[in-house]
Amino acid sequence: MKLKNIFLACLAGLALTSCSSDEDAFFTISENDAPRILNTDFPDGGFNINRNEKLKFEILVTPADLTTVKWLADGKVVYVGDTINQAFEAGNYTLKIVATTDMGKETSRTMSLTVKPIDGDPIVDDDAQARIQAPGDAVTMNGSNLTNIKKVRINDRLIDVTTVSNTSIQFTMPADMPDGQYRLSLLDEVGQSFGGGLVTVFSDALITKGDFMGQSEGLVTMPGRKLNDAKSVTVNGQECSIESITNDQIVIKLPALEEGVYDVKATTKSGAAIKFLQNGNLVETASIKVSLIAEEVLWEGTHSVDWGTIFEKNELAAKLKEIAKPRAILRLYVKRTDSEYAKGCAAVNWADIVNGGTDPNRGDVDITFEDKYIDFKLTAKSMELLDQNNFQVVGHGFDLLKITLIQPSEEELWSGNHAVDWGTIWEDDGTITTLLKQSAGPGSILRLYVKRTDTEYAKGCAAVGWADIVNGGTDPNRGDVDITFEDTKVEFKLTKKSMELLNNGNLQVVGHGFDLTKITIE
């Protein structure tokens, strides 16, 4: 029996001994009583419908004859009445159901409403930076199925789309658009309207990130808009040195900090707080993760990865070729979206970036709902692959949110004490050479820790077959490095020639007048 029927039966006095439900409903006959919403059938996790469906639901209230029910989506009344039967554009809404008596007493329920687009609907990407604009800005939004979009609607104003393709639209935010958060609608040539999510209009200075990474006393770049008026940035309450400032970014130097996560704040010359864009919201306090290992952000945004919608950007591939080294960690920040399965892999031409394996041995990594990121440790094979094709992220069932590179830290290969002279060179038995061939590459730093022992002269060189490991030069052009009594180490930056040499012989340390105490790679 429905709760409404139980309620009516009790009012009629048909059950004189008792009348109860699982909710132990409170029945009233007085206009002065507070209203109650009696439903026990609200869906867990909120309402979920498709764009071509209507939201259908009945609210049971008491006192029924003295109470008005209003339905608000994102604070705007969209329906009045107990039983809603309403269509919504695609998007995520905050749905509030308010029951108010004739005497003005009120109760409410708040939950989410998710309206999913159907196949073929125009969609714009959930890119936080594209969704926050200043009045008068030229706006570009990427997405899919956008060819027929002619106008957008923001704050009940129709705005012409100036440039359109299947994957992007461009329009200009009106110069007199007031600051605020509004729902975006996409209109085609016949006026049919499709949901585009929320956009924010914001006129003041803005830093378009809300979480940063850096090293103690290192530099951090904060991108944004209208930043020329910025005066100060503080981390953990300590003021940072501002190294440079333009309209589009602030570069700060962090104070000396232990590893950890700290609050970040910024102000203008007038003392007003500069807002940060964090998870789609404007906040006055951002965060920075200070690490002992440098983590460089290569790309940030939102890209839904499926087998047919892989991530691939030429500029990112070029950046990786420029700065990546073997043993670096390529980190993909992810958010699982598919309830059945999700897996992903960093790849080049559909081969995994670590070993070059292809399906079914590509090395795809399972992604859970708890995973924040997945890591891939680059190898010499990775460098070969990147030289030939573009970097990709392939897989299914997740959103790619950010790609970072953690450069390799210094790793010890050998330690001891070996007195180096022309007749007593240090030579690897093949163990370290094999490791270098697997995990080092062009750009890696081979570091020799040394202690000078000879008062007349001391010099040394990392070599293979008595040829210097950098260029392959031989005596007298081997590239021997002079070693002073103050020197604790000498360094050799590996090249493609280095890898050729290591394929044909073992690592050596040659020279005169010093002790070799440690060999590392970075």
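pLDDT is the predictor's confidence in each residue, on a scale from 0 to 100. The structure described here is a predicted model, and the protein averages a pLDDT of 89, with 94% of the residues scoring at least 70. Among the elements of the protein, the lowest mean pLDDT, 43, belongs to helix α1 (residues 3-11), and the highest, 97, to strand β13 (residues 149-154). Over residues 1-26 pLDDT stays under 50, and for this stretch the model has 30 contacts beyond four places in sequence. Where pLDDT is low, the predicted coordinates should not be read in detail.

The secondary structure of the protein comes to five helices and 47 strands. Along the principal axes, the C-alpha atoms fill a box of roughly 110 × 55 × 50 Å. The radius of gyration is 32 Å, whereas a compact globule of 522 residues would have a value near 24 Å.

Lys 275 in β27 is the bridge partner of Leu 206. Strands of a sheet pair through backbone hydrogen bonds, either parallel or antiparallel.

Antiparallel pairing is found around strand β16 (residues 168-172), which is joined to strand β12 (residues 138-144) by five bridges. In this pairing Met 141 stands opposite Ile 169 of β16. Strand β16 also pairs in the antiparallel sense with strand β15 (residues 163-164), here over two bridges. The bridge partner of Thr 163 is Gln 170 in β16. β15 and β16 form a hairpin, and three residues lie between the two strands.

The second largest pocket has a volume of about 580 Å³. Its lining comprises 20 residues, of which Ala 73, Lys 76, Tyr 93, Arg 183 and Ser 185 lie nearest the centre of the pocket. By class, the lining contains eight nonpolar, five polar and seven charged residues. At least two lining residues are supplied by each of β6 (76-80), β7 (83-87), β13, β17 (180-188) and β18 (193-201). The largest share, four residues, comes from β17. Strand β13, one of these contributors, is also the element with the highest mean pLDDT.

Several backbone features were located in loops. A cis peptide bond joins Asp 359 and Pro 360, with omega of about 10°. Pro 360 belongs to the loop between β34 (351-352) and β35 (365-366). A cis peptide bond also joins Asp 475 and Pro 476, and omega is about 10° there. Pro 476 is placed in the loop between β43 (467-468) and β44 (481-482). Arg 327, although not a glycine, has a positive phi of about 80°. This residue lies in the loop that runs between α2 (314-323) and β32 (329-336).

How values were computed
Residues are numbered from 1 along each chain as its sequence is written. This is a predicted model: local features need pLDDT of at least 70, side-chain atom pairs count only at pLDDT 80 or more; totals for chains, interfaces and linings use all residues. Side-chain values use heavy atoms; hydrogens and water are left out. Contact means heavy atoms within 4.5 Å. Two strands pair if DSSP finds at least two bridges between them. On a 1 Å grid over the protein atoms alone, a cavity is a set of points where a 1.4 Å probe fits but cannot get out, and a pocket is an open set with protein on both sides within 12 Å along at least five of seven lines; lining residues have an atom within 4 Å of a point. Grid points are joined across faces, edges and corners, and a volume is the space filled by probe spheres set on the points. Ala, Val, Leu, Ile, Met, Phe, Trp, Tyr, Cys and Pro count as nonpolar, Asp, Glu, Lys and Arg as charged, and the others, Gly among them, as polar. The radius of gyration is taken over C-alpha atoms; the globule rule is 2.2 Å times the number of residues to the power 0.38.
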